[in-house]
Amino acid sequence: MRFFLCLGLMFLPAGLMAAEAPPREAQFFGMPDERDPFGDPFDEDADSVPPLPAPEDDVETETDPLPPLLYGEERRQKKLDDLFDTLAKAPNPVIGKRVAGAIQTTWNESGSPTVDFLMERAREAMRTNRNDVAFDLIGESIVLFPNYPEAWNLRATLHFLEGNMDRSMVDIERVLALEPRHFGALTGMAAILQQAGRDSAALAVYERALEIFPTLEPARKQAERLRKSVENQTL
């Protein structure tokens, strides 16, 4: 159950940070160090795609309606929506991890250079076990940008690592209020519920995470184990 924590190692939100292998980042959901903010993860031959044909001379292109331009947060949300659609259709765990990595990369971009700097310093403090410093930096990020899910998610992870499950759960709930599709926060919540012996509730949360990220194998294995446990309890 402890493999659902800490960003930066393979599925390390699914496990606590190991001293001998410090994670690159610390959050409830982690990806491999090599991230790939790609466009279409299913397109293995993107370079071979032919360019769009030029418009014919007799077509009055200036009268064609232009697609609406997206700016700032609207563009970011459109990118996330497209990535989540791709994640739900990922045919195997390898591609699923790539898509999830692109989602995490997008989540990490707050849109504020100041908040991004504070968050990176907080992660560095966590990697060096300076948790008090990390709490202060995350708190500053939340004050500056209270609607930024990753700040709450990072603080939830830190509470978890310090064994404060109640405070971790409060912050997880805040993450999910801001981003209901946050599979990392969901797996973190499920791990806490499972640790508390609330198997039915944990199973429901794992299943919700799998609806969003069907190829998340650690969550699938935990769900299968919990499903058997719950079935045995009802016999």
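This is a predicted model: local features need pLDDT of at least 70, side-chain atom pairs count only at pLDDT 80 or more; totals for chains, interfaces and linings use all residues.
Colleague: Hi! Where do α3 and α5 sit in the chain, and how do their axes cross?

Modeller: Helix α3 covers residues 113-127 and helix α5 covers residues 149-161. Their axes come within 11 Å and cross at roughly 15 degrees. That makes α3 roughly parallel to α5, because angles under 35 degrees count that way.

Colleague: Is the crossing left-handed or right-handed?

Modeller: α3 passes α5 in a left-handed crossing.

Colleague: And which residues meet there?

Modeller: From α3 you have M119, A122, R123 and M126, and they meet E150, A151, L154, T157, L158 and L161 of α5. Sorted by class, this contact has seven nonpolar residues, one polar and two charged.

Colleague: Nice. New topic: how many aromatic pairs are in the whole structure?

Modeller: A search finds five aromatic pairs. In one of them, F84 and F183 are edge-to-face, at 6.2 Å centre to centre with 65 degrees between the planes. F84 lies in helix α1 and F183 in helix α7, so the pair ties together parts that are 99 residues apart in sequence.

Colleague: Is F84 buried or exposed? What about F183?

Modeller: F84 counts as buried at 7% relative accessibility, because the cut-off is under 20%. F183 is buried too, with a relative accessible area of 0%.

Colleague: Which ring pairs with F183 at 5.2 Å?

Modeller: That's F213: the planes of F183 and F213 are at 70 degrees, so this pair is edge-to-face. F213 lies in the loop between α8 and α9, 30 residues apart from F183. F213 is buried, with a relative accessible area of 0%.

Colleague: So which residues make up the cluster?

Modeller: Ring pairs link F84, W107, F183 and F213 into a cluster.

Notes. Residues are numbered from 1 along each chain as its sequence is written. Side-chain values use heavy atoms; hydrogens and water are left out. Axes are lines fitted to C-alpha atoms, for helices over the stretch in contact, and angles run from 0 to 180 degrees between N-to-C directions. Helices (H or I, at least four residues) and strands (E, at least two) are DSSP runs, numbered from the N terminus. Angles under 35 degrees count as roughly parallel, over 145 as roughly antiparallel, 65 to 115 as roughly perpendicular and the rest as oblique. A crossing is left-handed if the near helix is turned anticlockwise from the far one by less than a right angle, and right-handed if clockwise. Contact means heavy atoms within 4.5 Å. Ala, Val, Leu, Ile, Met, Phe, Trp, Tyr, Cys and Pro count as nonpolar, Asp, Glu, Lys and Arg as charged, and the others, Gly among them, as polar. Rings of Phe, Tyr and Trp (its six-membered ring) pair if their centres lie within 6.5 Å; planes under 30 degrees apart count as stacked, over 60 as edge-to-face and the rest as tilted. Buried means under 20% relative accessible area, exposed over 50%, partly exposed in between (1.4 Å probe, protein chains only).
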